[in-house]
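Thanks for coming. I will go through one model this morning, starting with a helix and ending with the sheet.

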Amino acid sequence: MELRGPRVLLRRTQPADAAALSAILATPEVARWWPSFDLLRVEKELTGSDDDVEVYAILVDRQIVGAIQSHEENDPEFRHAGIDLFVAPDRMGAGIGPEAIRTIARFLIHERGHHRITIDPAAANERAIRAYERVGFRRVGLMRAYQRFPDGTWQDGLLMELLADELRD
């Protein structure tokens, strides 16, 4: 399956994508927020088969520049989707992340019928938070000691959400 934005193409990841995704995840700017992703973990979690998570490579001009993933809660009483992404440092600040988010959000809202999408960046990841707010995400609350980092410390996360009618183009 492929999803298209004005500049980005999102397609399901394949095993052959693992090296490119690993290289992006190894850059200091990305590894700071996505720690401990070596090639084996990328192969298992980002290019493997998982019934609960769909992972898409973000391509610009046929080059992999990141990945975006989605998961869905299908319980009718709590139905919503969640997303997460990373973008190569040389593409940060160019609007690639927000475009990828808009592209997958439209799909999750219009094709999959979700009314709400969540994302949970590290509370200190100000650049990502600003990008999510540009798309229409709102801050819901701080999740204290949310993510354990390789050094053993717990980092706060920020829960953000986007309702279908808040998606900004």
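Helices here are DSSP runs of H or I with at least four residues, strands are E runs of at least two, and both are numbered from the N terminus. The model is predicted, so to speak of local features we need pLDDT of at least 70, and side-chain atom pairs count only at pLDDT 80 or more, while totals for chains, interfaces and linings use all residues. Residues are numbered from 1 along each chain as its sequence is written, and side-chain values use heavy atoms, without hydrogens or water.

Take H5, residues 126-135, which is followed by glycine 136, with a positive phi near 125°. Which residues of H5 are buried? Ala128, Ile129, Ala131, Tyr132 and Val135 are, where buried means under 20% relative accessible area with a 1.4 Å probe, protein chains only. They lie on the same side of H5, because they cover an arc of only 160° around the axis, taken from the directions from the helix axis to the C-beta atoms. Their cover includes S5 (80-87), H4 (96-111), S6 (116-119), S7 (138-148) and S8 (154-163).

Now the sheet. It is open and mixed, with 8 strands in the order S1-S2-S3-S4-S5-S6-S8-S7; two strands pair if DSSP finds at least two bridges between them. S1 (2-4) and S7 are at the edges with a single partner strand each, so one side of each has no neighbour in the sheet. S5 and S6 pair in the parallel sense over 2 bridges, and glycine 82 stands opposite threonine 118 in S6.

Note on methods: Buried means under 20% relative accessible area, exposed over 50%, partly exposed in between (1.4 Å probe, protein chains only). Contact means heavy atoms within 4.5 Å.
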